[in-house]
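Here are a few friendly notes to read alongside the model. Please keep the structure open as you go through the points.

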Amino acid sequence: MARHRNVRNRSYSDDYDYDDVYGHSVEEESCLSPSDAAQWMYDPSRNRHAIAHFMEGRDDIQEEVENETIDSPHTPLERRESIDLRSLNLDEDDEAKLMSCLDELRNVLGDTISDNTLIQSVLKHHFDFTKSLDEILNKNKKKDFTKPTIQFEPITHVTPAPIISTDGAPKIIATLEPKSLNVVKGFKVEQNNKLSSGPNTPRDQSPATGRSSPRLQHQSNEESKVVAKQKENKLDPKVQYNNERGTEKDHLYIVVIGHVDAGKSTLMGRLLCEMGEVSQRTLHKYEQESKKIGKQSFMYAWVLDETGEERVRGITMDVGRAQFETKTKRVTILDAPGHADFIPNMITGAAQADVALLVVDATRGEFESGFDLGGQTREHALLVRSLGVGQLAVAINKLDTSNWSEERFNEITKKLKSFLKQAGFKEADVTFVPCSGLTGENLVKPPSESELLKWYSGPCLLDVVDKFNIPERPISKPLRMSVNNIFKGIGSGFCVAGRIETGVLNKGDKVLVCPTKEPAEVRSIFINDLPSNVAFAGDQTSVSLSGVDMQNVSVGFILSDPVLTVPVVSRFESRIVVFNVKAPITKGYPVLIHHQSLVESANIIKLKALLNKSTGEVLKKKPRCLGNNSVAVVDIEVCRPICVEKYKDVKELGRVMLRVAGTTIAAGLITDIYP
Ligand SMILES: Nc1nc2c(ncn2[C@@H]2O[C@H](COP(=O)(O)OP(=O)(O)OP(=O)(O)O)[C@@H](O)[C@H]2O)c(=O)[nH]1
């Protein structure tokens, strides 16, 4: 059966750069038990050979017969808001009441109103069905519930346009609104305009052709003419890149991660001050104001923690941004929150980054609680690796509290090295730097502390940042821009902010907003708040769009090349590494998928094969369950169609993270997609 090709006929060595797969190896002095450590042992040379060999030769992976739908032309599920009842924290009775009210409401209203709206109304009226119905009907008086239209939910939170600080503080380009992650993403697509997918999608299914809705069909001729013209006028991306950027310093995006209170914002704030990016006047102001509310120790953190709530609580909630330059690079810092409650924001920051700076608190007891006792150090490191970040600097911070002890530095680096190797970082790509954000020691100048000078002669933090390699920018691939923020622009338009994952985006280009596949035109492009005619893969940009309604674009969407469109799928196959599950993963296991800035409910619908971690060899076909540290091939079904790519085609959009109840339980590479 054709379905067998999903596993059997694949040479995994062709699909992956195995350096990008997690859980490779672990040192003997691991923080894991010896048996766990043994499971992670890995020999890359053996692996490359063995996986190719094993996959080509194997015919023995049988598959379950009940899920025949996988090969049949798949009808994508309607994309609707997913209800995660767990997040509502209802007790059993209330949950039952809620479900019963929802059923009743659906009987009357059909599917024309989103689940989210219904839930809000039911909760507001304390499970009173009649009152909820009244409210919804009154709100939607003019709506014809029987009419099948493309219907979109309003975006509930809109963030203001990015603001450049004018008081002498460094250029804080934009702060990601945490609420933007909760943007309601629901929409429904007419039956005759079902989402289709991918580079393999026949042209006649794309919005520019006959199967589109009448509105899209009407636009299609015009659109295709413009797109053809666009193609004609296009320069070779590499030539264009050299013309535009040839003489500029390379731009690097660094996400700063680590356990809560590790000193991330203080470190970055101090670094910016040392580099002269913050005026004395501003710093003095922060000093006075932080003193007033008894938070003077946070004065440097205020450079990046801009909101009143962050300053009063003394924690980062949004991703703060700032820029500085090293000898060879322009650097954008993405200061991520360390608190577990803000992990989705941290992921949004990490999804935009090329490299990461992991900050750990060297204070005795503090490192241990951030690393060993369920802290965020491990979680953050795993997350950034899962998002494709391969280079890491580790700031062993607050070493002033241990009198610059070499012993303490070695103790921490030993533990971290072992863990980071296990998480998939190559030893050569990880650098450890002793420092103190509070005193400014070893940040931009060689150390001056006599205790530190006794044993450390390595680079300061700034030099480590300067030595990072700029990752290859896939500018020759079709355009993919992932949307991580949406805000009102100047005048009548609106802007989407996000990262150009692949390709080139020119002012005036036609793009397809996916997964809804609505055509739009790029009116203007801003990079670091400055207008630009073009943006390339790797750039963080704000783009103003016309031709599409702001309410029809959501965080997690992809702006795609209008011809070589991004695949839109409801099911895909993934090779996952399971990190940490309380109960084994079984068929039907519910998870939240994180894919760039998108968060979507999903289920693991099929366990296809359990693999040997080191060789990729199939250990068991159709396993009944997956435990901790296992590697497996599974099929995942999302509640609403999403834009993904096979990892071998576009690495940037070929990774997913699976999270349950606030913990990352697995990371995966997308190995196949089911249109
Ligand atoms: N002794 C000492 N204290 C520090 C150092 N760096 C930061 N701190 C203190 O640690 C506390 C937390 O610092 P932050 O910079 O807010 O920590 P953070 O990691 O950004 O916190 P979140 O983003 O909320 O996770 C503050 O009281 C700082 O003054 C340091 O190098 N030495």
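1. Let's begin with a pair of side chains: those of Lys608 and Glu573 make a polar contact, at 2.8 Å. Please keep in mind that this is a predicted model.

2. Where does Lys608 sit? Strand E21, which covers residues 598-611, contains Lys608. Is Lys608 buried or exposed? Lys608 counts as buried because its relative accessibility is 1%, and the cut-off for buried is under 20%. So a buried lysine, at 1% relative accessibility, has its side chain in polar contact with the side chain of Glu573.

3. Now to the ligand. Which residues are closest to the ligand? They are Lys264, Ser265, Thr266, Ser297 and Thr316, out of 20 residues that surround the ligand. Helix H9, residues 264-274, gives the largest share of this shell, with 3 residues.

4. Sorted by class, the shell holds 10 polar, 6 nonpolar and 4 charged residues.

5. Some atom pairs here are worth a look. In the side chain of Thr266, an N or O atom is 2.5 Å from an oxygen atom of the ligand. For Ser265, a backbone N or O atom lies 2.8 Å from a ligand oxygen atom. Gly338 also places a backbone N or O atom 3.2 Å from an oxygen atom of the ligand.

6. How much of the ligand's accessible area does the protein cover? On its own, the ligand has 650 Å² of accessible area, and the protein covers 92% of that.

Notes
Residues are numbered from 1 along each chain as its sequence is written. This is a predicted model: local features need pLDDT of at least 70, side-chain atom pairs count only at pLDDT 80 or more; totals for chains, interfaces and linings use all residues. Side-chain values use heavy atoms; hydrogens and water are left out. Helices (H or I, at least four residues) and strands (E, at least two) are DSSP runs, numbered from the N terminus. Buried means under 20% relative accessible area, exposed over 50%, partly exposed in between (1.4 Å probe, protein chains only). A polar contact is a pair of N or O atoms within 3.5 Å; within protein, one must be able to donate a hydrogen and the other to accept it, and residues adjacent in sequence count only if both atoms are side-chain atoms. A residue is near a molecule or strand if one of its heavy atoms lies within 4 Å of it. Accessible areas come from the Shrake-Rupley method with a 1.4 Å probe; for residues, only the protein chains shown count as cover. Ala, Val, Leu, Ile, Met, Phe, Trp, Tyr, Cys and Pro count as nonpolar, Asp, Glu, Lys and Arg as charged, and the others, Gly among them, as polar.
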